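Hello, and thanks for taking a look at this one with me. Here are some notes to read alongside the chain.

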Amino acid sequence: MSNDRTHKTIEQAEAEGKYIRKVRSYVKREGRLTKGQARALDTLWDTMGLDHSNGMLDMANLFGNDNPITLEIGFGMGKSLVAMAKAAPERNFIGIEVHRPGVGACLALAEAEGVTNLKVFEHDAIEILADCVPKQSIDTVQLFFPDPWHKARHHKRRIVKPEFIESVRQSLKIGGVFHMATDWENYAECMLDDMRQAEHFENMSATQDYVPRPDNRPLTKFENRGQKLGHGVWDLQFKRIS
Ligand SMILES: C[S@@+](CC[C@H](N)C(=O)[O-])C[C@H]1O[C@@H](n2cnc3c(N)ncnc32)[C@H](O)[C@@H]1O
């Protein structure tokens with residue numbers, strides 16, 4: 001199956017020394033697939049799955065139209081991504097997630113909701129940005145509730161760091177938007193610091209820090225959990241200006 005191929009490709013690439021990055025932003029939890037997730041991966045991958053091993057995406061032919069593209073990194077179980085795709089049929093959506101049950105759940109939900117403007121990778125987003133996303137091809141990159149890695153000794157695992165921001169910038173069209181949300185205040189502050197230092201972006205916040213929660217962002221699973229724990233939420237939106 002295509003996903004086994006994808007995994008083999010990462011291992012082969014690592015064996016060949018292609019990726020020397022040792023610190024990853026996730027720990028691969030194999031987790032069992034439910035029957036529904038397994039069935040969705042089997043039956044829907046050919047139409048909705050994207051493989052790292054196929055290299056650069058051909059954006060002109062990917063969705064059969066030239067609608068604007070939103071790329072979501074770390075969509076979890078895909079609930080909010082599918083809701084966004086359903087609510088915006090005039091856009092195309094590409095999701096990236098490493099957690100296989102989440103990818104299966106997302107595909108199953110997309111099918112149940114009749115969503116056809118969505119395709120997904122089951123792979124590390126860092127490698128997808130580098131190997132599969134053409135420069136200046138994306139209108140919005142969204143990163144909602146990335147793993148906070150709250151212990152200081154784990155901060156190096158946080159996905160948001162200068163190299164990642166530069167990679168996101170390269171994928172965005174000029175005028176494209178990078179939207180982040182987190183319920184972890186220290187992570188929000190670090191995101192803001194890193195984005196302020198990144199050149200070629202303009203903060204879309206009227207107060208030059210955070211933006212009000214945008215209406216088009218559905219409540220995500222992690223946000224819901226955070227709210228129950230009394231956490232705040234910080235949204236950041238930056239526009240690529242050059
Ligand atoms: C805390 S969860 C949030 C999920 C979802 N966005 C939400 O708000 O419910 C973070 C997700 O990011 C995924 N993730 C972490 N690093 C990743 C990477 N480098 N590439 C793709 N997915 C990644 C994890 O597997 C996890 O599902």
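1. A word on terms to begin with: a residue is near a molecule or strand if its C-beta atom, placed from the backbone, lies within 6 Å of it. Around the ligand there are 23 residues, and those that come nearest are Gly74, Gly76, Ala125, Phe145 and Thr220.

2. Before going further, please keep in mind that this is a predicted model, in which local features need pLDDT of at least 70, side-chain atom pairs count only at pLDDT 80 or more, and totals for chains, interfaces and linings use all residues. Residue numbers start from 1 along each chain as its sequence is written.

3. Back to the shell around the ligand. Its residues comprise 12 nonpolar, six polar and five charged (Ala, Val, Leu, Ile, Met, Phe, Trp, Tyr, Cys and Pro count as nonpolar, Asp, Glu, Lys and Arg as charged, and the others, Gly among them, as polar). At least two residues each come from strand E3 (92–97), helix H6 (125–131) and helix H9 (221–228); helices (H or I, at least four residues) and strands (E, at least two) are DSSP runs, numbered from the N terminus. H9 gives the most, with three residues.

4. Now the sheet. Eight strands form an open sheet with mixed pairing, in the order E1-E4-E3-E2-E5-E6-E8-E7. Strand E1 (49–50) and strand E7 (201–203) stand at the edges with a single partner strand each, so one side of each has no neighbour in the sheet. Two strands count as paired if DSSP finds at least two bridges between them.

5. Strand E6 (residues 172–182) deserves a careful look. Why is E6 largely enclosed by the rest of the structure? Eight of its 11 residues are buried, so the rest of the structure largely encloses E6. Here, buried means that 20 or more other C-beta atoms lie within 10 Å of a residue's own, exposed means 12 or fewer, and partly exposed is in between, with C-beta atoms placed from the backbone.

6. E6 has pairings of both senses. With strand E5 (residues 138–144) the pairing is parallel over six bridges, and Thr140 has Val177 in E6 as its bridge partner. With strand E8 (residues 234–240) the pairing is antiparallel, also over six bridges, and here Met180 stands opposite Leu236. E5, helix H7 (residues 162–171) and E6 make a right-handed β-α-β unit; right-handed means that, with the strands pointing away from the viewer, the path from the first strand over the helix to the second runs clockwise.

7. Val23 lies between helix H1 (2–15) and helix H2 (35–48), and counts as exposed because it has 9 C-beta neighbours inside 10 Å. Its C-alpha atom is separated by 9.6 Å from that of His154, 131 residues apart along the chain. Leaving aside neighbours within four places in sequence, Val23 is in contact with Lys156 and Arg157 (contact means C-beta atoms, placed from the backbone, within 7 Å).

8. Gln136, in the loop between H6 and E5, has phi near 50° and is partly exposed, with 14 C-beta neighbours inside 10 Å. Gln208, in the loop between E7 and H9, has phi of about 60° and is exposed, with 10 other C-beta atoms within 10 Å.

Technical notes: Two residues are in contact if their C-beta atoms, placed from the backbone, lie within 7 Å.
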